[in-house]
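Thanks for coming. Please look at the structure while I talk.

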Amino acid sequence: MGRVAVVTDSNSGITQAEAKEAGITVLPMPFFIQGETFFEDINLTQEQFYGRLADDAEISTSMPATKDVTETWDALLKEYDEIVHIPMSSGLSSSCETAYVLAQQYEGKVQVVDNQRISITQRRSAYDALMLSEQGKSAAEIRETLEREKFESSIYIMVDTLRYLKKGGRITPAAAALGTLLKLKPVLQIQGEKLDAFAKARTVKQAKNIMLEAMKNDCRDRFGDAEGKNMYIDIAYTFDRDAAEKFREELLEAFPGQECVVHPLSLSVSCHIGPGALAVGASHQFV
């Protein structure tokens, strides 16, 4: 019998195939497309999603149903002693709070981690939890470790089009029209709990330079690691992997010796920012 099971959701970008190979359980995020229900990486692929997005289909997201969460936990507790559950940041969704309430019924066997992560930093948290589990740490110890490090991460995202931010009500139609007219490429940031505006660029090249400079500053000033030697620094993208690979080359020039893995952004993030986005994220290598 394994001691601690690791559960996260598909906001982490961990695919079902990757999860199976690693020994992690990934709850798929549900989507509603033209009234039909789909689940990320179960019956909705990246290609199908972007096809529906291009067709201007009505797409909305939701958090996993409480029944799906508890049934997953119940099944795992037949094989494992404890569970550490790592949902997306509580500042971006209520799924963390819901999981926390549900966990109260499990007498401490389920530990819900609120470490303010999403996407590539949430992915790293899941793999860190797995490593800690293999080292014999309890679920409570894993949660405490991950939450202690929760602000030791940073994400910057360049949005290629304002269409989806406008569609989701995150910017006004007037701001979207002006931004489109000026061909702006907004750079957003996630520093802890929330997604905020960071800078406006006029070109993709300028936006990439802004993100790289911001990441250098964070490594030096926030993390005390100017060369990023003790950081995971990864890239995420929507739809255009070639652009992400080119961005990776530029990042490796700024941070020589980094592994820098490239991952597609989860669809639950992509539906709010659209295709052509690039992101860079860093989190502390604490284990």
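Before the pairing, a definition: two strands count as paired if DSSP finds at least two bridges between them. Keep in mind that this is a predicted model.

By that criterion, β9, residues 185-190, pairs with β10 in the antiparallel sense, over six bridges. Within this pair, Gln189 stands opposite Asp196 of β10.

Now the sheet as a whole. It is open, has six strands, and reads β10-β9-β8-β13-β11-β12, with mixed pairing. The edges are β10, residues 195-201, and β12, residues 262-264; each has a single partner strand, so one side of each is left without a neighbour in the sheet. From one strand to the next, the twist averages 25°.

Next, the helix. Which strands does α5 lie across? Helix α5, residues 119-134, lies across β8 at 153-158, β11 at 231-237, β12, and β13 at 278-284. Relative to β11, helix α5 runs at about 130°.

Last, the cysteine. Cys219 sits in helix α9, which spans residues 204-222. Is Cys219 buried or exposed? Its relative accessibility is 0%, and the cut-off for buried is under 20%, so Cys219 counts as buried.

What does Cys219 touch, leaving out residues up to four places away in sequence? The contacts are Gly224, Asp225, Ala226, Gly228, Met231, Ile233 and Phe255. As for Pro275, it is 56 residues from Cys219 along the chain, and the two C-alpha atoms are separated by 28 Å.

That is what I have; questions are welcome.

Key: Residues are numbered from 1 along each chain as its sequence is written. This is a predicted model: local features need pLDDT of at least 70, side-chain atom pairs count only at pLDDT 80 or more; totals for chains, interfaces and linings use all residues. Side-chain values use heavy atoms; hydrogens and water are left out. Helices (H or I, at least four residues) and strands (E, at least two) are DSSP runs, numbered from the N terminus. Axes are lines fitted to C-alpha atoms, for helices over the stretch in contact, and angles run from 0 to 180 degrees between N-to-C directions. Contact means heavy atoms within 4.5 Å. Buried means under 20% relative accessible area, exposed over 50%, partly exposed in between (1.4 Å probe, protein chains only).
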